[in-house]
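My entries follow in the order of the look-ups.

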2 protein chains.
Amino acid sequence: MPPHATSFPSLGPSKLSIKTKQHCLNVKQLMGQESGIIYLRGALNILRDDTDVEIKFRQESNFFYLTGVNEPDFQFVFDFASHVSYLIAPFIPETERMWKGEPDSVEEMLQKYDVDQIVYDDDLARLIEAINPSSVFVLDTTDTTPISKVVPMDKIDICMLKPAMYESRLLKFPWEIQLIRKVTHLSSHAHITLMREVQFGKNESELQALFEWECARNGASYQSYLPIVASGKHAATLHYTHNNKWLNRKDNSDMLLLVDAGGEKNCYGTDITRTYPVSGKFSAEAKTIYNIVLKMQQAVLDRLRPGTLWTEMQNLVIRILCQELIRIGILVGDQEEILKLGLTRAFYFHGLGHSVGLDVHDVGGRKAGVFNCLGDEEDNVARSHFLLDRPLEANMIITVEPGLYFNDVSLKAWTGFPELQKYFNLELLQKYRKVGGVRIEDTVLITENGYENLTIAPKTVDDIEALMAATHPRN
Amino acid sequence: MPPHATSFPSLGPSKLSIKTKQHCLNVKQLMGQESGIIYLRGALNILRDDTDVEIKFRQESNFFYLTGVNEPDFQFVFDFASHVSYLIAPFIPETERMWKGEPDSVEEMLQKYDVDQIVYDDDLARLIEAINPSSVFVLDTTDTTPISKVVPMDKIDICMLKPAMYESRLLKFPWEIQLIRKVTHLSSHAHITLMREVQFGKNESELQALFEWECARNGASYQSYLPIVASGKHAATLHYTHNNKWLNRKDNSDMLLLVDAGGEKNCYGTDITRTYPVSGKFSAEAKTIYNIVLKMQQAVLDRLRPGTLWTEMQNLVIRILCQELIRIGILVGDQEEILKLGLTRAFYFHGLGHSVGLDVHDVGGRKAGVFNCLGDEEDNVARSHFLLDRPLEANMIITVEPGLYFNDVSLKAWTGFPELQKYFNLELLQKYRKVGGVRIEDTVLITENGYENLTIAPKTVDDIEALMAATHPRN
């Protein structure tokens with residue numbers, strides 16, 4: 001029997017009728033401008049190095065946000081005065097159509113995209129001349145974009161668009177929520193498949209391939225980021241993406257596998273991490289560590305609602321982590337003193353979560369400076385535009401992803417300070433090291449009254465062990 | 001039962017002991033230089049647009065050729081005088097190791113790669129100063145590479161390395177042949193899986209995902225190029241990569257599917273095309289067209305051996321195509337007259353084949369100008385460096401890929417000339433149009449006495465129908 005003949009649901013590519021016009025109006029409102037135009041250039045087809053091998057196309061996220069166009073070489077203009085949107089399509093000459101196929105006609109593009117007019121790229125100059133905008137708002141400073149050839153530089157504004165775009169992208173419209181819900185559900189199922197399929201003797205790379213296949217056959221042919229499939233101690237390496245180790249029972253029969261991966265469909269992605277034992281059964285140490293992380297996550301989930309301050313949530317999980325590490329004896333001493341010294345950072349050294357959307361670390365969560373273009377503030381925004389430092393609001397989609405890691409580099413550094421050694425029970429620490437690392441990450445929607453967990457893969461010890469029991473009989 | 005529990009062979013990532021030093025010596029010999037150094041910079045990690053999403057890393061092919069290193073941010077120096085090779089590794093600070101993991105140690109790198117010395121990148125200037133090379137041979141003119149900061153521009157030569165590298169890459173060493181044989185075999189099996197699995201009601205995208213999964217689970221987690229999965233009339237669009245159409249029996253119950261795809265492993269790829277009926281049974285018209293293409297291919301395969309002129313092979317397939325189109329009545333008139341007018345180009349308008357290796361359109365097949373850096377010739381070489389226009393030699397790996405297409409744009413153009421219309425039987429042509437297009441492409445090795453066909457997916461009408469019969473019972 002063909003293994004996958006009956007299981008492909010009707011989630012394949014289809015023409016979306018994405019209401020992107022409301023995104024343009026939203027951005028305009030946030031900018032507070034009544035005249036001028038937005039100009040965006042979409043992503044181009046890229047060849048690898050000095051070859052003719054095309055790289056798989058991915059639209060630039062801001063361009064997708066305003067247009068819904070997932071094809072290369074488009075441009076876009078939105079006129080603030082008239083509210084008319086112009087999609088500027090690449091003109092494909094007859095000779096190229098033989099190779100690339102017939103492009104969409106003007107009528108087809110008007111049906112497919114939420115724009116008012118289609119213009120071909122050789123008419124860009126005439127279009128701009130006809131609109132005669134007072135200002136042209138663009139995302140970046142590169143002068144290689146076609147617009148700089150047809151508009152004098154003093155009309156081009158590189159400050160105002162980006163912060164408004166970021167702000168606009170933070171709160172999701174209903175159809176965006178539905179897209180992310182769908183991709184989070186199907187990615188959850190891919191995580192479930194991996195829980196069922198993982199076995200000693202397999203390689204991390206096979207599990208990555210399986211995850212990508214499970215997403216792709218359910219309609220998500222992209223990943224929102226490079227998957228992390230990390231077994232044993234590699235789970236403590238946060239950006240581990242080698243994914244090439246064999247799962248060897250001899251190395252560690254209690255080995256955990258950490259899988260941080262999420263599919264992407266129509267440029268909208270998700271972000272999910274699950275950690276579970278390769279054998280199907282948590283060791284005592286793994287269960288202890290796992291339940292600490294679960295407790296940290298649940299404490300945050302219980303408090304998710306509009307108005308919740310993210311910084312308070314970050315403090316909350318650190319406090320729980322500190323309590324728990326003292327309870328099990330890895331950290332020794334007075335809780336407030338340990339918190340003040342920041343010793344939990346030896347075990348947990350990343351953010352608690354971030355916005356998710358067109359980018360996995362989505363934009364818009366910054367409290368301050370988003371309308372400030374110049375100076376250090378802007379640099380800071382640019383560097384870490386995905387940090388969340390404002391109260392939660394309904395229709396934000398964020399991750400909640402506490403972790404606890406036995407990372408060699410981190411532990412060596414922290415336990416290397418003579419004056420700090422008294423706070424660590426080094427012998428007990430050694431016993432827990434083989435746990436490697438645990439992260440539990442859900443993508444959730446903030447609602448008017450609380451939250452909806454879009455992630456539906458099991459995560460309690462009991463649920464994971466029950467799921468894995470069928471394919472992992474105890475030896 | 002888990003569907004893939006037992007089928008993953010032991011082809012996962014492993015430490016290769018690739019003998020790249022012989023590549024350096026080969027390039028040196030082709031350059032005829034006794035002093036100076038080669039300097040290459042490997043590919044960097046790239047982030048998508050203005051995000052922190054990493055793009056899946058792929059090493060630059062020339063860099064892999066000389067080093068076997070498949071990690072970002074390396075550099076390489078080979079000294080012609082001493083024959084000493086230096087791998088310049090990125091120095092990863094302690095703080096980054098927490099996130100990225102421990103990099104290979106010097107000892108591990110020396111074991112893993114066929115190089116003599118490891119140097120960290122902050123020592124590049126001292127290394128170059130110590131060697132004090134008379135010339136530095138580099139691949140390109142960009143001055144952004146670190147070498148331009150430590151060597152005066154008048155010592156940097158951008159002419160000699162590239163043609164020697166291209167020449168060297170044309171003839172494969174035994175271990176390269178073995179790698180390409182392996183990836184061609186496993187890709188052939190992926191084609192076989194698609195033949196079994198294709199059904200009306202599926203989407204091209206699912207079949208692409210299945211192909212990639214079949215490659216990945218057998219160890220080829222990259223594709224050598226964007227797969228083409230083209231049903232019906234899309235098969236006539238040579239660079240069709242949308243792969244998003246549903247296979248609808250109502251559109252065309254005799255529909256053919258053309259799949260042009262090949263996996264890549266350790267940067268070495270392959271290139272295979274198969275065309276077959278979605279129903280499992282060729283229609284009369286499809287069979288006729290298919291067998292013409294098969295005849296064209298077989299005529300070339302029969303003549304493959306060292307010394308064969310590729311241009312003669314190209315003329316041969318065009319002659320066969322012309323004969324056959326006259327025989328079945330689509331073209332009408334005198335064969336020599338039709339050949340002279342080039343009317344077969346209405347149906348077949350691409351090259352017959354190309355070298356395959358680290359790039360799918362691999363380098364090195366050009367006869368003339370390969371040692372010429374300046375002027376038009378160089379431009380020409382750069383533009384079409386994968387054309388084959390020299391006699392075949394043993395250890396070349398090439399494709400043989402004739403085709404026959406009913407491409408709307410092409411046919412409209414050719415039959416649009418009033419003076420050419422008498423040569424086309426337009427009524428009969430109309431009858432064949434639903435065949436869409438057929439291409440049959442094998443990757444083959446030229447041997448001392450002939451060739452070895454590395455491609456092992458079935459391709460006769462009988463073999464394909466027999467394979468598909470089990471999963472495609474006739475209705």
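In which hand, left-handed or right-handed, does H8(A) pass H16(A)? I note before answering that this is a predicted model. I find that the crossing of H8(A) and H16(A) is right-handed.

Entry on the helix pair. I looked up the axes of H8 (residues 174–197) and H16 (residues 461–469), both of chain A; they come within 8 Å and cross at roughly 65 degrees. I then listed the residues that meet: H8(A) brings Ile192(A), Met195(A) and Arg196(A), and H16(A) brings Ile464(A), Leu467(A) and Met468(A).

Entry on the two copies. I superposed chain B on chain A and got a rotation of 180 degrees, a shift of 0.0 Å along its axis and an RMSD of 0.0 Å. The two copies are therefore related as by a two-fold rotation axis. I asked which C-alpha of chain B is nearest the axis. That of Trp213(B) is, at 2.9 Å from the axis. The same surface serves both copies, as 100% of the contact residues of chain B recur in chain A.

Entry on the interface. I have 65 residues of chain B in contact with 65 residues of chain A.

Entry on charged pairs. How many salt bridges are there between chain B and chain A? I have four. Among them I looked up the side chains of Asp50(B) and Lys162(A), which meet at 2.9 Å, N to O.

Definitions and conventions:
Residues numbered from 1 in each chain as written. Chains lettered and ligands numbered in written order. Predicted model: local features only at pLDDT ≥ 70, side-chain atom pairs only at ≥ 80, totals over all residues. Heavy atoms only, no water. Axes fitted to C-alpha atoms, helices over the stretch in contact; angles between N-to-C directions. Helix = DSSP H or I, 4+ residues; strand = E, 2+ residues; numbered from the N terminus. Left-handed = near helix turned anticlockwise from the far one by under 90°. Contact = heavy atoms within 4.5 Å. Least-squares fit on C-alpha atoms with pLDDT ≥ 70 in both.
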